[in-house]
Amino acid sequence: MTRPYYLTTAIDYANGDPHLGHALEKVGADVIARWHRLQGRPVRFLMGMDEHGQKVFQSAQAAGMAPQVWVDGISARFETTWRGLHCSHNDWMRTTAPRHATGVRALLERIRERSPDDLFDGEYEGLYCVGCEEFKQESQLVDGRCPEHPTRDLVATRERNTFFRLSAYRDRVLALLEENREFTVEPVTRRNEMLAVLREGLQDISISRSRLPWGIPFPGTDDETVYVWFDALINYLSATGYPADGWDEIWPADLHVVGKGITRFHCIIWPAMLMAADLPLPKGVWAHGYVQWGGAKVSKSEGAAVSLDGAVERHGPDALRYFLMREVGFSNDGDFSFERFDAVYESELANGLGNLASRALAMIEKYRGGVVPAGGEGESLEAAGERALMAYAVSMDGTDLKGAAEAIVALVTEANGYITVAAPWALAKANDDARLDAVLAALARALVRLAVLAAPLMPAKAAALWTALGQQGTPDAGWERAQAPAIAGARVVKPENLFPRE
Ligand SMILES: [Zn+2]
């Protein structure tokens, strides 16, 4: 059996509604998952919810609900939203699930067994950000406040906790990140940030909370629960079934996709936890930037205005997926605005891909009764298609999802220009059947390629185009078809308007 590509997203905190910032991460990871499937590789794609912690407990109390009822509602809302955006995850982890608690207990017991000195009792006194669910060190504060949650007051907290000896792993994690081979942190700006943190040195961290009942009981203690972040990180492992048989057929993860604000947990604490347990490390972390709205981070907790539902309704889920990857991107911060969304939709989807498909298919219908003629391999458009495939694959392999979208745009532009120059209507008028066959065939071949290339970004629209090209099923595993787009003899049908204008 081929080992699956194991991909995860961050699990979202069960507090508030899904927003565009969450959507960027889920869609980007879904595009990566679909890229691997496109090449025929099985993918295990995990998403889920982070359901413990003080903030969830407080929100449930404020709503007059039992915490489990509260998180059940939020989990359903998030997952429905991601399915509506065509996310193709095949596991949904909730940290309140019994299988997760089993994994957390097993990992802690294993750390205690393999590295007994690394768990110890201590007293913690410090400033706690309820927004981050994290104790903050002085060096992490800006003007005495959490930079991620500048509107929240930090809470001075003092309690007896269990600690994890993170400081003992500083040298090993530093060497790991300096080498950047077995465990990669990308993009490079994020890796450099983590290297700077490591070079400053690490402090041991509290990994339990006293008197917070909403959490997983900490093994070997009476009144402590596992600190929400320590608990949450373990979801990537517990989702493999750990410690039950078969977990190591899935673990280690190939890629953790997370936001740039939580790299310290994923690039430093998580590898150290696994080292302490003597378990294999994930192969990499990809830390994307934030969606900006008018120059500020889109995040519900800071009261931003843009609604995810409104963005989905604007031009449908596929168009939003496309716009997030094409315009916001998956590396740095990027701006979202409806003006820009409308402009890109109009120029690249409605006038670009949509118009190309409808013109080409209408001409095959009109001049060849809807049957794709043979030939086309010698046309200039064929070379453009091959270039697009190459650029797309290089971009996807480098998690340059914006670059992958650009490769699609480039081929659409070539194909629309090719129609203008080849002028099939003039060839028909002149009864130049051989040339007309070649041109129509080349266009059909380009559309096969575009359906395949578009599949990870716009799965529903790509499937509609695939059907219009007279193909069975979906283009979802069609990378080979894109390389050799045999389509002569297919009976095309006029597609529904792929990208209608309002
Ligand atoms: Zn914070």
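Which residues does Leu469 touch, not counting residues up to four places away in sequence? In this predicted model, local features need pLDDT of at least 70 and side-chain atom pairs count only at pLDDT 80 or more, whereas totals for chains, interfaces and linings use all residues. Residues are numbered from 1 along each chain as its sequence is written. With contact taken to require C-beta atoms, placed from the backbone, within 7 Å, Leu469 touches Ala444, Leu447, Val448, Ala451, Ile487, Ala490 and Val492.

Leu469 is also among the residues with the most contacts inside the largest nonpolar core, together with Leu233, Ala444, Leu447, Leu450 and Ala451, and this core has 150 residues. A nonpolar core is here a set of buried Ala, Val, Leu, Ile, Met, Phe, Trp, Tyr and Cys residues joined through C-beta atoms within 7 Å; a residue is buried if 20 or more other C-beta atoms lie within 10 Å of its own, exposed if 12 or fewer, and partly exposed in between. Helix α16 (residues 433–454) gives the most to this core, with 16 residues, where helices (H or I, at least four residues) and strands (E, at least two) are DSSP runs numbered from the N terminus. Because domain 1 (5–312) and domain 2 (337–483) both give residues to the core, it lies between them. Apart from it lies another core, of five residues, including Tyr128, Cys129, Cys132 and Phe135.

The two domains, whose bounds come from an automatic or database domain assignment, have C-alpha centres that lie 41 Å apart. Their contact takes 12 residues from domain 1 and 13 residues from domain 2. On the side of domain 1 that touches domain 2, the largest share, seven residues, comes from helix α1 (residues 20–38).

Strand β13 (residues 284–288) has four of its five residues buried, so it is largely enclosed by the rest of the structure. Two strands are counted as paired if DSSP finds at least two bridges between them; on this basis β13 pairs in the parallel sense with strand β8 (residues 184–186) over three bridges and with strand β12 (residues 255–259) over four bridges. Trp286 in β13 is the bridge partner of Glu186 and stands opposite Val257. From β12 the chain crosses through helix α9 (residues 263–277) to β13 in a right-handed β-α-β crossover, that is, with the strands pointing away from the viewer, the path from the first strand over the helix to the second runs clockwise.

Technical notes: Two residues are in contact if their C-beta atoms, placed from the backbone, lie within 7 Å.
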